[in-house]
Protein chains: 2
Amino acid sequence: MMTTRISVVEKILSANDRLASENRARFQAAGVFAINLMASPGAGKTSLVEQTVSVLKGQLRIGMVNGDIATCFDADRAAAAGATAVQINTGGNCHLDAVMLQSALPQLDLSNLDLLIVENVGNLVCPAEFQLGTHKSVLVASIPEGDDKPYKYPGMYRGADVVVINKTDLLPYVPFRMDFFRKGIEALNPGVTQFELSCHTGDGLRPWFNWLLESVGQK
Amino acid sequence: MMTTRISVVEKILSANDRLASENRARFQAAGVFAINLMASPGAGKTSLVEQTVSVLKGQLRIGMVNGDIATCFDADRAAAAGATAVQINTGGNCHLDAVMLQSALPQLDLSNLDLLIVENVGNLVCPAEFQLGTHKSVLVASIPEGDDKPYKYPGMYRGADVVVINKTDLLPYVPFRMDFFRKGIEALNPGVTQFELSCHTGDGLRPWFNWLLESVGQK
């Protein structure tokens, strides 16, 4: 059973990579900078999107694709903040893949966008395995999740281009050793770009905004 | 591709259910009450285990199986609290399944246990699909994850026998509408047993302990 399963999974991943390349080519052709936003459930992906869209919508044309098992809460929140938003309901699937993203793209006018944020399903395991064709993978961690997460979910931390550490406003109320957490990240992904911020209070957001603006500018 | 994949997944689930039945039979024969503890990463599964084992170890003989992608932090914590603990490293797999649990059982003397806690991989999607053979599924939610989680992860909330709402000590510091959260649970899983508690402060733990003691007593 296991052999069959692995073989099928390999075929799926290979097909996925091909479609991810097609997605990337479309982003390149349209001059869109695209990020894959990943995190545990409730780490604050949508709050980060809300803050980002609210502040940067005068400078950037921002599109959103929101992946969720069910509901369109997140697309509604992104749209309310000022983004062009498309919801994908995965119907039980634990991650977005390149074909799901590809099927959503016709609903967005890429030529009218500078930045595309793809918000993945809240899951610290499966999304890491599926390339979407985005330029950068952004992992949102959060303080109340605990400082052991890089050690316990190495695949996700190893594959991230950026780690956003959210909910720093909760540091006084929960046990969290920032040095232990950072040591885990460094061991897996030395020198990875990191931001500490709080979407709840707004503290620390400016360096994140600057990184996005610079990344879009380099496209 | 999708047809093949679904067919293979169905075969895997069917084989899994058979092995889960075998696990259940072993628990029954040994007179062990077994629970499948599931949650998002960082919701507090291991903290709940630590509190439970620390307080109940004089009354119950408690065994643990801890599933994680990597590390044995959780088994170490459970063992330090006084449980007989076995770690399963899933090597990237996003959930425990019945065969993984079955392979761990020979390391535990079931005839010497009253309660077996199986701590699943931190994931609010995939573990719901794989029966392990345990008697009850316990879902640990946590306040900082946000009040929209039942709506966004219906499979997990629908399948739970018990919902533990952890980190109530953080209610003053995060936006969380308890009535909206509970309404979501009720819609999916009417009348499900619920406990509100804080593993950090110890508040609210007694009803959870009583539920465990009663459940073990009924075996």
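**Helix packing and the pairing of chains**

In chain B, helix α2(B) packs against helix α3 (residues 73-81) at an angle of about 15 degrees, and their axes are 8 Å apart. That angle makes α2(B) roughly parallel to α3(B). The crossing in which α2(B) passes α3(B) is right-handed. On the α2(B) side, the contact is made by B:Thr46, B:Val49, B:Glu50, B:Val53 and B:Ser54, and on the α3(B) side by B:Asp74, B:Arg77, B:Ala78 and B:Ala81. Sorted by class, this contact of α2(B) with α3(B) has four nonpolar, two polar and three charged residues. Please keep in mind throughout that this is a predicted model.

Helix α2 of chain B covers residues 45-56, and its axis comes within 11 Å of the axis of helix α8 (residues 205-217) of chain B. How do these two axes cross? They cross at roughly 70 degrees, and α2(B) and α8(B) are therefore roughly perpendicular to each other. For the angle, the range that counts as roughly perpendicular is 65 to 115 degrees. The crossing of α2(B) and α8(B) is right-handed.

Which residues meet here? From α2(B) they are B:Gln51, B:Thr52, B:Val55 and B:Leu56, and from α8(B) they are B:Leu205, B:Phe209 and B:Leu212. The contact of α2(B) with α8(B) consists of five nonpolar residues, two polar ones and no charged ones.

Now the other chain. In chain A, helix α2 (residues 45-56) and helix α3 (residues 73-81) pack with their axes 8 Å apart, at an angle of about 15 degrees. α2(A) is thus roughly parallel to α3(A), and the crossing of α2(A) and α3(A) is right-handed. The residues in contact are A:Thr46, A:Val49, A:Glu50, A:Val53 and A:Ser54 from α2(A), together with A:Asp74, A:Arg77, A:Ala78 and A:Ala81 from α3(A). By class, the contact of α2(A) with α3(A) has four nonpolar, two polar and three charged residues.

Next, chain A as a whole. Its secondary structure comes to eight helices and seven strands. The radius of gyration of chain A is 17 Å, close to the 17 Å that the globule rule gives for 219 residues, so chain A is as compact as a globular protein of that length. Along the principal axes, the C-alpha atoms of chain A fill a box of roughly 50 × 45 × 35 Å.

That leaves the interface. How many residues of chain A are in contact with chain B? There are 36 in chain A, and they touch 37 residues of chain B. On the side of chain A that touches chain B, the elements giving two or more residues are α1 (2-30), α5 (149-152) and α6 (154-159) of chain A. The largest share, five residues, comes from α1(A). By class, the residues on this side of chain A are 19 nonpolar, ten polar and seven charged.

Last, the relation between the copies. In general, two copies of a chain are related by a rotation about an axis and a shift along it.

Notes
Residues are numbered from 1 along each chain as its sequence is written. Chains are lettered from A and ligands numbered from 1 in the order in which they are written. This is a predicted model: local features need pLDDT of at least 70, side-chain atom pairs count only at pLDDT 80 or more; totals for chains, interfaces and linings use all residues. Axes are lines fitted to C-alpha atoms, for helices over the stretch in contact, and angles run from 0 to 180 degrees between N-to-C directions. Helices (H or I, at least four residues) and strands (E, at least two) are DSSP runs, numbered from the N terminus. Angles under 35 degrees count as roughly parallel, over 145 as roughly antiparallel, 65 to 115 as roughly perpendicular and the rest as oblique. A crossing is left-handed if the near helix is turned anticlockwise from the far one by less than a right angle, and right-handed if clockwise. Two residues are in contact if their C-beta atoms, placed from the backbone, lie within 7 Å. Ala, Val, Leu, Ile, Met, Phe, Trp, Tyr, Cys and Pro count as nonpolar, Asp, Glu, Lys and Arg as charged, and the others, Gly among them, as polar. The radius of gyration is taken over C-alpha atoms; the globule rule is 2.2 Å times the number of residues to the power 0.38.
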